[in-house]
Amino acid sequence: MSPMTKTDSAILEVENYKVGFRTERGLAKAVNGVSFSLEKGKTIAIVGESGSGKTVLNRGLMGLLTDSNTIEEGSAKFMGEEIAGLSRQRFWGTNIAMIFQDPMSSLNPVMKVGKQVAEPLVLHQGLTKKESKKEVINLFKLVGIPDPEKRFSEYPHQLSGGMRQRVMISIALAIKPDLLIADEPTTALDVTVQKYILDLLQELQDERKMSVVLITHDLGVARGRADEILVMYGGKVMEHAPSEKIFTEMSHPYTEALTAAIPRLKDPKHTRLIPIPGSPPDLVHPPVGCKFAPRCVYAQENCINEEPAATVKGRHSYSCFYPVGTEKNKDAYQKNAAQGHTAAGLKISRRRVLK
Amino acid sequence: MAGSGKNHLRSESENIILKVEDLVVEFPSSKKDFVHAVSNISFDLETGETLGIVGESGCGKSSTAKAIIQLPKPKSGSVLFKGTELMNLAKEELRKIRPKLQMIYQDPISSLNPRRNVFEIVNEGSKIWGDLGQETSALIESVGLDPDEARTKKPHEYSGGQCQRISIARALALNPQILICDEPVSALDVSVQARIINLLEDMKSQFGLTVIFISHDLSVVKNISDRVSVMYLGKMCEIGDSDLIYEKPAHPYTRVLLAAIPDPENMHSGTVDLLEGELPSAINPPSGCRFRTRCPRAEAICEKEEPVLVQIGNEDHWVACHFPHIDIELDALTSEKGEPIDHKTEDEILWPPAD
C-alpha cells in the first residue's frame, strides 16, 4: 500500500488496482496491484519503459478498456466515488479529460479542428454553435494557437504536430476537467515545442487547480513537472516518492537503470550509455519473485523466489530487498561481480559499474 | 541565423571524405512558389568522424541528408565524395556509388519489407552487388540478433529496437563508408535507445564508418557526435566541436534549443526565453538572418545582411550571427551602440582579431 493514500483532498485514490487481458496464452496481467492517490491540484508522473503498464493503467482508470476480455479489479475512487468496473462515461467530457500520445492520429481528419473542440462544449455544456465558436477561439488563444479565427476552420492535416497537440489540449481543457490524464503528451514533438506544451499545461493547472496524471518515459520531464513520481515495471509499482526524492534518495535498481540509460548533457561526448539488459517481462508468465530480478545486476536468490514487499519511509516507498545506496546493495553487487553473474544468470562484465 | 560562408570548411585536411558546398534543396509548392528547404549549406566530414545535425522539424536536416545521396538531386551545389562529384554523375554511375553511402531511417518498422524474412532483407545487397566482404549471418549476429531465427522471421515479429538493428545490419551489408542516420532513435524507448547508440558506436569503430547523425534530441546528439551542426529554416547557425557547442553556445537559437532540454542538470535551462510563434514559412523565408523574426537580439542589421559563419577564437567553433553570445572580453569588441564589429568581407574575418 502506498504511503500517500487517505488524504481528504484526494481527487483520485487507487488501491490494489489490476487490469488483465484474456489472451490465447492465458491472462496477461498488464497492471498488477497498483496503489496511489492524487491530491487536488497536484501532478503525479508515471514513468517506465514501454510495456511497463503505464498506459494500460490510465486507460483502465479512464474506463476505456471495456472489452469483454479485459478484467478490471481492485478499487479506484474518483472524488470519493468508486469507479472501478463501472461505466465512467458520465465523467468524460465533464470531470476527466485525456490527452493521447499521438496528436497526428487522435484528431478526426475529415472534421474541421474548431468543430472538434466545440463538440464537448455543445454536448456537455449545452452551448449554441455561436457561443461555442467564441469559446473555442478563446481556448485557441489560451493554448497559443496563432490566428485562431482562421485555424478554427482548418483541417488537422493543415496544422503542424505542435499545433495539433495544442488542439488536443484545448479539447481536453474545453470542459475545465478536475483531472487531466496526459499520455506522453510531448513524446512526438521537438524539444522547444515540448517545453512550450509542458509550461502551458503547468500554467493552466495552477490557474484551474486541476490534477494531472502525466505519463512519460523521460525521467527528465517527470522531475521538472511532477510533485510525485511513480516508477512502474511489469505492471507493478517499483518506487514512489516526491519528485526530488526519487533522484536524491533513489532506492530501486530499476529507477537507477532508467536514469543510467539516458544520455546526459554534462557527460563528455562518446560517453558509453548503460542500457538495461534483457527485455520487459512476459506478462502472462511473469517472474515469480521481483519482476525486475531477471534484468537486475544486484539480483540474489531471494529476489527470484520471493516478491519484495514495499518498504515505506515517510512519503517514499520502494519494493526491493537490496535498495540502491545501502550496504546490502553493495554486498549484493560485489557477490554478483565476483561470480560473474547474478542469481538470475545475468552476466556481469567488469565494465558495468554503475557508480 | 543563418549563415552561409565556407570559412569553416577544413580544406587543408587530406582526410576529408565528404565535402558539401552551397547545397540548395527546393521543392515546388505551387506554380511559382518554392519551399526553400535547404539554402546554401556547406560542411565537410573527415573519415571516421560523426557529425550531428540538430534543429526543429522543418529546419531541413532530413532534406540535407537525402540531398547527399541525391534523393532527390539537389537544385544546386556540390557534393564531393572522395573526390567524385555526385551531382554530375549519370544514373548508372550513381547507382554504383550508392552502396558506399547508406542510410538508416526514423521508423524502423515501416522501412523494412514486411513480406520478406529478415535474412533476405539483410542479404539483398550482396545478392545484387555480389560479395562485398560482409557475411550476412555474421552481420546479423554482430547487431545482436540470432541469424537462424532471422531466416524464418519477418519484421513484424521483431520489436521496434530489433527492427532498427536489422536496418543497421542491412546498411552495413553493403560495406558503406558513410552511414547517414535520420532520427534513428526517435521512435524508441530510453533503454532501447541506449542500446542502439552503443551499437552504432561499436559498428563505427568495427567498420571504420563516417557517420551523419540527425536528431532533434540534443542530449543524444551530444553523446554520439564529434562535431555538431545546428540548423534553422534551411540555414546553418552554428557548427563545431560538440563539447564546445554545448558548453558555450554562441548562437541565440542554439541557446534556445539547449535551454529547452528537460535534463535536470541542464546548465542552460532558464537562461533564455522560449521562442515566440511558429517557424516562419520556408516558402518566403525572412530576409537577412532567417532567425531574426524570433530572435531576442535581432536589430536592423539582421534584416539587411545575412551573417556568415565566423570562427570563435582559434577553436573548432563557428557561428553565423551578428550578435553572438561570446565571452565578455569578446563582447567588448562590439561597440557601445550595439553595432557589431565590422566584418563586411568574409575573408578578412578573424574573431578575435589576431594580435
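The following paragraphs describe a predicted model with a chain A and a chain B, beginning with the overall form of chain A and ending with the contact between the two chains.

Chain A, with its 355 residues, contains 11 helices and 12 strands. Its radius of gyration is 22 Å, close to the 20 Å given by the globule rule for 355 residues, and chain A is therefore as compact as a globular protein of that length. Taken along the principal axes, the box filled by the C-alpha atoms of chain A is roughly 75 × 50 × 40 Å. Of the 355 residues in chain A, 48% are buried. When contacts in chain A between residues at least 6 apart in sequence are considered, 64% of them join residues at least 24 apart.

Two open sheets of chain A are described here in turn. Strands of a sheet pair through backbone hydrogen bonds, and the pairing may be either parallel or antiparallel. One open sheet of chain A has four strands in the order 2-1-4-5, and its pairing is antiparallel. The edges of this sheet are formed by strand 2 (26–39) and strand 5 (81–82) of chain A, and because each has a single partner strand, one side of each is left without a neighbour in the sheet.

Although Ile71(A) and Gly20(A) are 51 residues apart in sequence, their C-alpha atoms are 5.0 Å apart in space.

The other open sheet of chain A has eight strands in the order 6-7-8-3-9-10-12-11, with mixed pairing. Its edge strands are strand 6 (96–99) and strand 11 (311–313) of chain A, each of which pairs on one side only, and neighbouring strands of the sheet are turned against each other by 15 degrees on average, direction ignored. Within this order, strand 3 (residues 43–47) and strand 8 (residues 211–216) of chain A run parallel and are joined by five bridges, with Val47(A) standing opposite Thr216(A) of strand 8.

Among the helices of chain A, helix 2 (residues 113–125) and helix 3 (residues 129–142) pack at an angle of about 115 degrees, their axes being 9 Å apart, and their crossing is right-handed. From helix 2 of chain A, the residues Gly114(A), Val117(A), Ala118(A), Leu121(A) and Val122(A) meet Ser132(A), Lys133(A), Glu135(A), Val136(A) and Leu139(A) of helix 3 of chain A. Sorted by class, this contact has six nonpolar, two polar and two charged residues.

In chain B, strand 1 (residues 16–28) and strand 2 (residues 34–46) run antiparallel and are joined by nine bridges, and a hairpin links the two strands through five residues. Val20(B) stands opposite Phe43(B) of strand 2 of chain B. As 10 of the 13 residues of strand 2 of chain B are buried, this strand is largely enclosed by the rest of the structure. Helix 1 (residues 61–68) of chain B is likewise largely enclosed by the rest of the structure, because seven of its eight residues are buried, namely Lys61(B), Ser62(B), Ser63(B), Thr64(B), Ala65(B), Ala67(B) and Ile68(B). Following helix 1 of chain B is Gln70(B), whose phi is positive, near 60 degrees.

The contact between the chains takes 34 residues from chain A and 34 residues from chain B. On the side of chain A that touches chain B, at least two residues each are supplied by helix 6 (191–208), helix 7 (219–225) and helix 9 (253–261) of chain A, and the largest share, five residues, comes from helix 6 of chain A. By class, that side of chain A has 15 nonpolar, nine polar and 10 charged residues.

Terms used
Residues numbered from 1 in each chain as written. Chains lettered and ligands numbered in written order. Predicted model: local features only at pLDDT ≥ 70, side-chain atom pairs only at ≥ 80, totals over all residues. Contact = placed C-beta atoms within 7 Å. Nonpolar A, V, L, I, M, F, W, Y, C, P; charged D, E, K, R; others polar. Pairing = 2+ DSSP bridges. Rg over C-alpha atoms; globule rule 2.2 N^0.38 Å. Buried ≥ 20, exposed ≤ 12 C-beta atoms within 10 Å, placed from the backbone. Axes fitted to C-alpha atoms, helices over the stretch in contact; angles between N-to-C directions. Left-handed = near helix turned anticlockwise from the far one by under 90°.
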